[in-house]
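Here's a quick tour for anyone opening this one for the first time. Have a look at the picture, then read on.

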Amino acid sequence: MLQLKRDYLDQKVLERLSTLQLHARLPMIGSVSGKHRSPIRGSSLEFAEYRKYVPGDDPRRLDWRTYARNDRYYIKEFEADTNLRMCLIVDTSGSMNFTYNGMSKLDYARRIAGTLAYIAAQQGDAVGLYCAGTGFHKEIPPKRSAKHLSAVLDELGTMEASGETGLANVLHETAERVPQRALIVILSDLFIEPEVVRNCLEHLRFRKHDIAVFHLLEQSELELEFDRPMRFVDMEGGEPILADPTVIGTQYQRALEIYLESMNTVVQDTEVDYHRIRINENYDDVLARFLLGRTPKRHF
Amino acid sequence: MGFLQPLALIALPLIGLPILIHLINQHRHRTIPWAAMMFLMSAKRMSKGMARLRHFLILLMRVLAVAALIFVVSRPLSGGWLGSIGMSKPDATLILLDRSASMEIQDLQAGQSKRFAALQKLAQLLEQGDYGTHLVLIDSASGQLQEVDSPKALLGLPTTESSATSADIPGMLESALAYLKANKSGRVDVWICSDLSENDWDVESGRWQAIREEFAQLEGVHHFLLAYADLPSDNLSVRVENVQRWERGNDAELVLDVVVRSKSTGWVTQPVHTTRKRFPIEFEVNNVRSVVEVELDRQGASLQGHRIPIDTKLRSGWGSVGLPGDANPLDNRFFFVFSEPPVRRAVVVSDDVKNGEAFRRALTIPIDPRFQHQVDIISVDRVAEIDWKSTGLLIWQAALPRGSVADQIAQFVDTGRVVIFFPSSQNADEQLFASRWEDWQTPGSQQVFGISWWRGDTDLLAHVESGDALPLNELRTYRYRSFESTGTPLARFDDDASLLTRVATDHGAVYFCSTLPTAQFSSFEREGVIFYVILQRALDQGCRALAVASQRDANLDVLADRNEWELVAPEDNSPLLSQSGLHAGVYRDGAYWTAVNRSHIEDSAAAVPVEAVDALFDGMSYRRIDVDVGDTSALASELWRIFLIAMIVALLVEAVLSLPSRRVRTTPLIDLTVSGGSAE
């Protein structure tokens with residue numbers, strides 16, 4: 001058992017989620033045997049398909065029973081199980097410091113990322129961490145070792161949010177630099193234009209990565225419930241805005257609706273595993289829903 | 001717009017207070033770190049126009065509310081004319097009050113005359129505002145300047161009461177000018193209250209030009225004309241044109257010519273067959289009343305030669321003619337007095353027999369056979385024999401007298417009699433009435449002096465009643481004696497020398513005629529008409545002073561000829577001594593009677609068009625305020641209620657605009673369970 005000393009990880013949550021497994025929705029190409037499907041045919045017990053014998057195939061793999069029935073040569077193939085690479089991409093822009101009841105979006109992302117990293121490591125998958133922020137940028141490529149997990153968790157515990165977001169750049173870089181198929185988990189408030197997000201996700205999809213997005217939002221951001229003019233200071237360092245929420249509240253809601261509608265379209269078009277979350281929700285429920293949603297449907 | 005508390009307007013800069021608070025609040029907003037800036041920026045872009053407009057309106061409403069509050073405190077007054085004089089207050093206020101009889105036209109519902117309504121409005125206005133350190137009244141009847149303590153006192157002064165006089169508006173303005181020049185006042189408001197009667201304003205007078213020029217030199221003088229030019233809907237005036245006492249055998253009677261004039265604007269425009277109506281005229285003589293009904297047409301009615309029998313023992317007395325009440329009560333009663341006609345006595349002082357005879361012939365031919373005429377021709381050395389008391393006209397055709405005789409003549413004129421001086425052949429340097437004879441003049445090549453100009457509107461050479469001019473252009477003068485005089489020429493020769501001149505005197509009349517009636521000097525006697533008219537008119541004028549009973553037009557000096565005049569009628573109205581002669585009535589001094597009435601012009605004068613009145617004030621600071629006599633509203637009323645309502649409205653609008661806008665959520669805010677993609 002890995003000794004956990006990180007306060008953002010909750011032992012009870014880990015125990016509750018220990019019965020669930022992290023599945024990739026797409027076949028993975030791993031370096032070792034694992035619990036995930038591979039596009040390469042392997043020697044597992046799970047039948048994959050029959051295919052005609054072609055010269056050069058190993059005659060030992062001929063299915064003689066089929067030959068006896070049909071007088072034709074067929075090769076019987078089985079699924080290959082492999083491990084996956086999980087890349088946790090955490091947005092560390094200043095806006096992730098937005099706090100609700102003492103818990104910021106970054107804290108929330110930290111908890112989800114840490115728990116997922118632990119679950120993935122437990123089932124033998126490689127875990128990597130990418131911090132996407134102009135003020136705080138960090139890369140830990142995915143590896144399988146317990147020591148590596150410790151480094152990831154330590155990094156999660158110490159990372160800070162500041163400056164403008166560098167999420168788009170990090171996503172494009174990740175798409176280019178992660179050589180094999182991987183599970184890309186994005187934790188961000190995604191306060192960037194939906195079309196920019198679309199480009200990033202399409203790039204990742206082109207590289208055949210499995211993408212999961214945790215879109216973190218805070219309740220007050222959604223409602224703008226203030227009864228007097230306020231001076232809104234940009235947490236990412238932009239110009240402050242003086243506005244009266246009683247005057248622009250309706251327009252704010254309208255802008256938010258347009259953004260979320262656009263975001264819905266983007267995630268549906270790019271077929272990513274998208275979860276829009278209020279950070280006042282229990283993160284273990286969110287994770288349970290996420291893990292259960294990814295469990296493959298078995299057809300008997 | 002004026003203000004009762006103008007000092008409160010000093011606080012007007014406080015309207016900038018909401019703007020200042022707004023600017024301060026710009027720096028006092030609560031600061032909050034915010035992540036979702038992209039939505040805020042979008043929202044601000046979307047609401048930019050409306051939000052700005054809303055903010056501007058809120059600010060405007062707050063400014064308006066503060067401004068309205070300050071105006072409420074400063075107690076604004078309505079009245080567009082006040083706006084023209086700005087905010088400064090006058091140092092003095094002059095009130096020129098037209099007290100003429102026509103100003104007594106009343107609004108029958110309100111029961112107020114034009115004069116009283118004007119005074120009341122003015123007093124109310126001045127009471128509300130500031131009239132300066134001096135409030136001066138110039139009334140048309142007395143023409144005197146009177147310092148008034150307060151505007152309210154105007155209503156109780158004897159000098160603001162009704163009178164039967166006519167007004168002289170140019171004269172009143174001249175008095176105002178004299179006051180302003182003497183006192184060197186700064187900012188002065190001159191209020192003129194008048195009904196714009198033609199006679200009172202005399203718009204054709206040359207005095208207006210001088211008045212305009214003199215007022216133009218004064219700075220800070222503002223004229224306000226309170227014009228009551230509306231005509232009454234129905235008004236009749238009565239006047240006795242002639243009254244004679246005749247005896248027929250053992251009976252005596254009064255013969256009166258009565259004229260009723262209509263000033264109505266209503267029924268006279270109806271067709272003829274519907275306009276005739278009968279109405280009563282009441283006569284009162286020696287406390288005996290009688291009523292006669294007359295038929296009234298568009299112009300009015302006249303009753304010629306109406307006879308009223310009287311006691312033969314009643315040698316003199318008084319009476320009155322009355323009409324039923326209408327818009328102007330002052331012209332509904334006319335007083336008259338009667339007496340036996342006096343002997344019309346003239347004295348001709350001349351050493352020239354021919355000329356003396358010419359004078360005698362012209363003076364002894366009576367206009368009316370019922371009059372007795374007596375002419376005495378005496379030489380200069382018998383002047384002491386003249387009975388000055390019983391003489392009405394003195395013809396002096398001799399060298400100008402001096403010493404006691406000159407004094408006697410001056411006294412003679414001062415008692416209302418008439419003197420005509422004709423030239424004599426004697427050369428002397430004596431001067432009388434600021435006039436003296438010069439040399440005889442004979443025509444040159446043209447053989448005769450013609451008359452180039454004469455005054456036909458008034459005095460001895462006035463046109464006859466039919467309107468025809470006297471035939472002065474046919475007069476031939478062969479010699480005349482020029483004279484130096486300060487008097488007013490009534491007729492001029494071709495060479496601009498004067499034929500007839502009237503010298504200004506307080507009473508009576510003094511004329512200088514530069515030629516003689518005989519054929520050697522002129523065609524006066526041969527032509528006859530002009531000579532006869534001149535002498536008969538002079539005799540008539542001079543003999544009025546001889547009559548025991550006389551009819552006079554009301555004015556301040558009408559009773560100045562005797563000291564013991566006592567009011568006989570009306571009994572219920574006893575004016576102050578200073579106001580005697582200004583009111584219609586009958587006065588008696590022993591055997592002498594006089595009836596004082598309004599001038600005949602007051603019965604017929606129309607109103608001057610307002611445009612013509614406006615033109616009189618060209619180049620002066622002037623504002624006309626047209627008022628109807630029935631208009632009981634104040635000239636200026638306080639407007640604070642309007643501003644108070646404006647303030648409340650502004651605050652309500654501001655409150656509504658400041659309410660948080662209701663957010664319309666047509667669709668669920670967001671769907672937080674969206675899950676995109678699917679597992680393969």
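**Starting point: a helix across a sheet**

In chain B, helix H6 (residues 169–183) lies across E4, E7, E8, strand E9 (188–194) and strand E10 (221–227), running at about 160° to E4(B). Angles here run from 0 to 180 degrees between N-to-C directions, with axes being lines fitted to C-alpha atoms, for helices over the stretch in contact. Helices (H or I, at least four residues) and strands (E, at least two) are DSSP runs, numbered from the N terminus.

This is a predicted model, so local features need pLDDT of at least 70 and side-chain atom pairs count only at pLDDT 80 or more, while totals for chains, interfaces and linings use all residues. Residues are numbered from 1 along each chain as its sequence is written, and chains are lettered from A and ligands numbered from 1 in the order in which they are written.

**The six-stranded sheet of chain B**

- The strands under discussion belong to an open sheet of six with mixed pairing, in the order E8-E7-E4-E9-E10-E32 (chain B). Two strands pair if DSSP finds at least two bridges between them.
- At the edges sit strand E8 (145–147) and strand E32 (621–626) of chain B, each pairing on one side only.
- On average, and ignoring direction, neighbouring strands of this sheet are turned by 20° against each other.
- Six bridges link strand E4 (residues 92–97) of chain B with strand E7 (residues 134–139) of chain B, in the parallel sense. Within that pairing, B:Ala92 stands opposite B:His134 in E7(B).

**A three-stranded sheet of chain B**

- There's also an open sheet of three strands, ordered E11-E12-E15 (chain B), and its pairing is antiparallel.
- Its edge strands are strand E11 (236–248) and strand E15 (300–310) of chain B, each of which pairs on one side only.
- E11(B) and strand E12 (residues 251–262) of chain B run antiparallel and are joined by 12 bridges. B:Val238 faces B:Val260 of E12(B) across this pairing.

**Helix H3 of chain B**

- Helix H3 (residues 48–74) of chain B has 27 residues and spans 39 Å from its first C-alpha to its last, close to the 39 Å expected at 1.5 Å a residue. That expected span is 1.5 Å times one less than the number of residues.
- Its buried residues include B:Met61, B:Leu64, B:Ala68 and B:Phe71. Buried means that 20 or more other C-beta atoms lie within 10 Å of a residue's own; exposed means 12 or fewer, and partly exposed is in between, with C-beta atoms placed from the backbone.
- Just after H3(B) comes B:Arg75, with a positive phi of about 50°.

**Inside chain A**

- Chain A has nine helices and 12 strands, and buried residues make up 42% of its 300 residues.
- Strand E12 (residues 273–278) of chain A has five of its six residues buried, so it is largely enclosed by the rest of the structure.
- E12(A) runs parallel to strand E9 (residues 210–217) of chain A, with six bridges between them. One pair of bridge partners is A:Ala212 and A:Asp273.
- A:Pro296 lies in the segment after H9 of chain A. It counts as partly exposed because it has 13 C-beta neighbours inside 10 Å.
- A:Pro296 and A:Ala24 are 272 residues apart along the chain, but their C-alpha atoms are separated by 8.6 Å.

**Where the chains meet**

- Chain A puts 48 residues into the contact and chain B puts in 36. Two residues are in contact if their C-beta atoms, placed from the backbone, lie within 7 Å.
- H8(A) gives the most to chain A's side, with 17 residues.
- That side of chain A divides into 24 nonpolar, 11 polar and 13 charged residues. Ala, Val, Leu, Ile, Met, Phe, Trp, Tyr, Cys and Pro count as nonpolar, Asp, Glu, Lys and Arg as charged, and the others, Gly among them, as polar.
- A strand pairing crosses between the chains: E10(A) and strand E2 (residues 30–34) of chain B run parallel over five bridges. A:Met230 stands opposite B:Arg30 there.

**How confident is the predictor?**

- The complex gets an ipTM of 0.81 and a pTM of 0.53.
- Chain B averages a pLDDT of 83, and 89% of the residues score at least 70. pLDDT is the predictor's confidence in each residue, from 0 to 100.
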